[in-house]
Amino acid sequence: KLSKSRERAANSLSKQITKEIHKLSMAKAQCEFSLQSDEQFTNANGIDRVELLVRTNPGQPMQAIEKVASGGELSRIGLAIQVICSASILTPTLIFDEVDVGVSGPTAAVVGKMMRALGESTQVLCVTHLPQVAGTGHQQMRVRKTQTKQQTETQMEPLNQQQRLEELARLLGGDTITPASLANAQELLV
């Protein structure tokens, strides 16, 4: 019964994951689950070996995710799964450490929108260097590290609206904040 239930769920979930990753600049990618039943592996979790297979480019065979997906692709697939599961998440806080690695431009903007959507149902903390992602948050903090010979200290500072604007402008244009980078930062704030 469990194996049959997994088979039905795997088909539905793979279609949902594929749909979400298409939004994340992986328009030709496909996902599916491989379920192999083997009674030698019977335990409290059933008799199935479950593996997520992906094809990131047309013409390639479906392969195990860890064999073909880059860091950026792994991040986007993981985010897609979190978005799909968000309606049933019981975890009060999700923490993403650079979930946007390997993405930029329009894809970063979509990642930011997805993170904000997740924030509607659960608390989301996201470490990012991308202004397109940082600008979609409800709140923003600046993280600074200081080092001495003996230790490293990390400080987090909550930013007010003006500080957010300046930090986004810095992320966009470097240490010199210009009227153009401030105007661009203003456009990113949701």
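Me: What makes Met141, Val143 and Met156 a nonpolar surface patch in this predicted model?

Reply: Residues of a patch must have over 30% relative accessible area, and nonpolar side chains such as Val and Met are joined within 5 Å. Met141 has 41% relative accessibility, and 41% is over the 30% that the definition requires. Together, Met141, Val143 and Met156 make a nonpolar patch of about 300 Å².

Me: Where do Met141 and Val143 lie, and what does Met141 touch?

Reply: Met141 is found in strand S6, and Val143 has its place in strand S6, residues 141-147. Leaving out residues up to four places away in sequence, Met141 touches Met156, Glu157, Pro158 and Leu159.

Me: Why is Met141 called partly exposed?

Reply: Partly exposed lies between the two cut-offs, under 20% for buried and over 50% for exposed. The relative accessibility of Met141 is 41%, so Met141 counts as partly exposed.

Me: Why is Thr18 called buried?

Reply: Thr18 has a relative accessible area of 7%. Buried means under 20%, and therefore Thr18 is buried.

Me: Where is Thr18 placed, and which residues is Thr18 in contact with beyond its neighbours within four places in sequence?

Reply: Thr18 belongs to helix H1. With those neighbours set aside, the contacts of Thr18 are with Ala29, Gln30 and Cys31.

Me: How do you know that the span of H1 is close to the expected one?

Reply: Helix H1, residues 2-23, has 22 residues.

Me: What puts the buried residues of H1 on the same side?

Reply: The buried residues of H1 are Ala10, Ser14, Ile17, Thr18, Glu20 and Ile21. They cover an arc of only 160° around the axis, and therefore lie on the same side of H1. Lys4, Arg8, Lys15 and Lys19 are exposed on the other side of H1. The packing partners of the buried residues of H1 are strand S1 (30-37), helix H3 (71-85) and helix H4 (105-118). Just after H1, Ser25 takes a positive phi of about 60°.

Me: How do you know that the span of H4 agrees with expectation?

Reply: The 14 residues of H4 should span 20 Å at 1.5 Å a residue. The end C-alpha atoms of H4 are 20 Å apart, so the span agrees.

Me: Which residues of H4 are buried, and what puts them on the same side?

Reply: In H4, Thr107, Ala108, Val111, Gly112, Met114, Met115 and Leu118 are buried. They cover an arc of only 165° around the axis, so they are on the same side of H4. Pro106 and Lys113, on the other side of H4, are exposed. The buried residues of H4 pack against H1, H3, strand S4 (93-97), strand S5 (123-127) and helix H5 (131-134).

Me: How far apart are Met141 and Ser14 in sequence and in space?

Reply: Met141 and Ser14 are separated by 127 residues in sequence and by 35 Å in space, C-alpha to C-alpha.

Me: How many helices and strands are there in the protein chain, and what percentage of its residues count as buried?

Reply: The protein chain has seven helices and seven strands. Of its 190 residues, 33% count as buried.

Definitions and conventions:
Residues numbered from 1 in each chain as written. Predicted model: local features only at pLDDT ≥ 70, side-chain atom pairs only at ≥ 80, totals over all residues. Heavy atoms only, no water. Patch = residues over 30% accessible without salt bridge, like charges linked within 9 Å, V, L, I, M, F, W, Y side chains within 5 Å. Areas by Shrake-Rupley, 256 points an atom, 1.4 Å probe, with all protein chains shown as cover. Salt bridge = Lys/Arg side-chain N within 4 Å of Asp/Glu carboxyl O. Helix = DSSP H or I, 4+ residues; strand = E, 2+ residues; numbered from the N terminus. Expected span 1.5 Å × (residues − 1). Buried < 20%, exposed > 50% of the residue type's maximum accessible area, 1.4 Å probe, protein only. Arc of directions from axis to C-beta. Contact = heavy atoms within 4.5 Å.
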